[in-house]
Amino acid sequence: MDYRTIEPNNGDWAVEARGLVKTFGDNRAVDGVNMNVRAGSIYGVLGPNGAGKTTTIRMLATLLRPDAGSASIFGHDVQKESQIVRQLIGVTGQYASVDESLSATENLIIFSRLLGLGRAEAKRKAAELLEEFGLTEAARRPLKNFSGGMRRRLDLAASLIAQPPLIFLDEPTTGLDPRTRSQMWDTIRRLVNTGSTVLLTTQYLEEADQLADRIAVIDYGRVVAEGTADELKASVGTSSLHLRVQNPQDIDDARRTVEQVLKVQSNVSSEAGKITAPMANADLVTDLLIALRSEGIHLAEMSVQKPTLDEVFLTITGHGTKEEAPQASNESNKVEVARA
Amino acid sequence: MSSSSIKPGVNRQLKNYTSFGQSVRHSLTMAYRGLLKLKRTPEQLFDVTLQPIIFTLMFTYIFGGAISGDVASYLPVIIPGILVQTVITTSIVTGVQLREDMDKGVFDRFKSLPIARIAPLAGALLADTIRYTIATVLTFTMGYLMGYHPAGGLGNVAIAALLVIFCSWAISWIFAFFGVIARTASSVQGISMIVLFPLTFLSNAFVPVNTMPGWLQWFVNINPISHLVSAVRDLTNAGTVGWDLVISLIGAAVIVAIFAPITVRAYMRRT
């Protein structure tokens, strides 16, 4: 694995989309999407099912004609120069776009041949990619017996034959188990290290958080927020302080102290002994801890939690993700406090 | 991810069209894919194997006595007729399978690849000529077993076979068009049968034209299927080449010239 990287020129956009619209019947699936993706970055399009993510990607990948608006890939218009655009992109769809009745090797050889590789070269390329994606053992088996994760990997491998500078991944990990998902994440990160640009859609907040340099939140066919994961989280507000007391009887005293010192409203959560308060000024926490000690209140646990993308999403769209998303709770910086 | 890094998009030399040579290569690769699929699912060949055997037996023994007095003298009439009817009916399957194939995710990838737009269609149609070949060979073999000895000789039989295969390939563009525009595979089957049944039966394939009412004779005589059947009869029974052959070839070319472009267009439009 070689990690020579290519510096994106400033202003070198991999994707520029202006006012993309697509209507199906009277449903405006995509309703004026604007998007700029810098070359060499991972860009996440985050939204619930039916928000218009796939439709947007299909328009950018020349699979669907926009009803209005324009888009260009590395400066080439997706409608007027579609054949050029197709030479610059790799597309991995939500549903594996590989041939079910053929084997993994046959699939890759056919795609390689279509991309202009010679017979021997196609064979070599197929073997190389299968090796890289850990599919060598299954190479000759028909895809019918492949697991979901294997199919996705083969699909991604097929998208990489021509080493396209821009790769579209439509929900690359939906339906994968956690282990396979983190393998897929590693693969995506490696891709960017070789100079590719990746545009991925996801309904998992955690995934966008983990992978994407910038995130566009899309809802009802519109981009409702855009920025880095941190920017989006900051837009929602401050971090919060979580305290758990050792002795449940102390909780009212502790709560009073918290509100006095931090001068904020606090909440007591249903699970006994947990106090949550917004933390606008981190400095005051020192005072709080001293005050708690002098009152003889012992803490079992203390943590600071940044807002999660879950909360961001809820705040921006006014509703949660429609699909059940995994907990995006890795942001909390837990600090175990020894007995005071 | 492989040993070399990826060329940035802005520095690439790219063309916005596919050359004719590339289109042919892409189509041949797609045809190779079709053959691989046939190899993996040989049960797809049931219809082309059984239909020639059953139809040839059935029609010859049912109509033989009534039309030509006996089975042996009916064979030179019916074998070319049944050949054309069977092989052209087989071409319906092309449209049906294309519809099924297009519903699968892999067609999304074909669309996103920088390949000639016609390649996925042309490849599928090309691969299906293997089906027509099987049907043709089996029909002639059945005829031979039943006592048909074409007076035109083996060479002319081979030419007749090629003619039928080529014309079926041309006609399969019509069904490919239905396949691309239809919503489901079974509707493709339905529409195609409605088109094909009158065409094959309102022809000279099974009965002498002069036994039909005048208005029907008019249609039967302009029906391209009749010309194809006559061309095959000329070749196999007499070893001669006539106008019917020319008309058949022109007809096939016209069908391809019309249906190939509109099928590709419909395919591109379809989302």
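In what sense do strand 4 and strand 5 of chain A pair, and over how many bridges? In this predicted model, strand 4 (residues 68-73) and strand 5 of chain A pair in the antiparallel sense, over two bridges. Within strand 5 of chain A, A:His76 is the residue that stands opposite A:Ile73.

Both strands belong to an open sheet of four strands in chain A. The order is 2-1-4-5, and the pairing is antiparallel. Strand 2 (27-38) and strand 5 (76-77) of chain A stand at the edges. Each has a single partner strand, so one side of each is left without a neighbour in the sheet. Helix 1 (residues 53-60) of chain A lies across strand 1 (13-24), strand 2 and strand 4 of chain A. This helix runs at about 120 degrees to strand 1 of chain A.

A further open sheet in chain A is formed by six strands, with mixed pairing. The strand order is 6-7-8-3-9-10. Strand 6 (89-92) and strand 10 (222-227) of chain A are the edge strands, each pairing on one side only. From one strand to the next, the twist averages 15 degrees. Strand 7 (residues 166-170) and strand 8 (residues 197-202) of chain A run parallel and are joined by five bridges. In strand 8 of chain A, A:Val198 is the bridge partner of A:Ile167.

Two helices of chain A pack on this sheet. Helix 5 (residues 148-159) of chain A touches strand 6 and strand 7 of chain A. Its direction makes about 165 degrees with that of strand 6 of chain A. Helix 6 (residues 178-193) of chain A touches strand 3 (42-46), strand 7 and strand 8 of chain A. The direction of helix 6 of chain A makes about 150 degrees with that of strand 8 of chain A.

At the domain level, chain A is divided into domain 1 (13-101 + 142-233) and domain 2 (238-335). Taken over C-alpha atoms, the centres of these two domains of chain A are separated by 36 Å.

In chain B, the axes of helix 3 (residues 71-102) and helix 6 (residues 129-145) come within 9 Å. They cross at roughly 160 degrees. The two helices of chain B are therefore roughly antiparallel to each other. Their crossing is right-handed. Helix 3 of chain B contributes residues including B:Leu75, B:Ile79, B:Ile82 and B:Leu83 to the contact. Among the residues they meet in helix 6 of chain B are B:Arg131, B:Tyr132 and B:Ala135. The residues of this contact divide into seven nonpolar, six polar and one charged.

Notes:
Residues are numbered from 1 along each chain as its sequence is written. Chains are lettered from A and ligands numbered from 1 in the order in which they are written. This is a predicted model: local features need pLDDT of at least 70, side-chain atom pairs count only at pLDDT 80 or more; totals for chains, interfaces and linings use all residues. Two strands pair if DSSP finds at least two bridges between them. Axes are lines fitted to C-alpha atoms, for helices over the stretch in contact, and angles run from 0 to 180 degrees between N-to-C directions. Two residues are in contact if their C-beta atoms, placed from the backbone, lie within 7 Å. Angles under 35 degrees count as roughly parallel, over 145 as roughly antiparallel, 65 to 115 as roughly perpendicular and the rest as oblique. A crossing is left-handed if the near helix is turned anticlockwise from the far one by less than a right angle, and right-handed if clockwise. Ala, Val, Leu, Ile, Met, Phe, Trp, Tyr, Cys and Pro count as nonpolar, Asp, Glu, Lys and Arg as charged, and the others, Gly among them, as polar. Domain bounds come from an automatic or database domain assignment.
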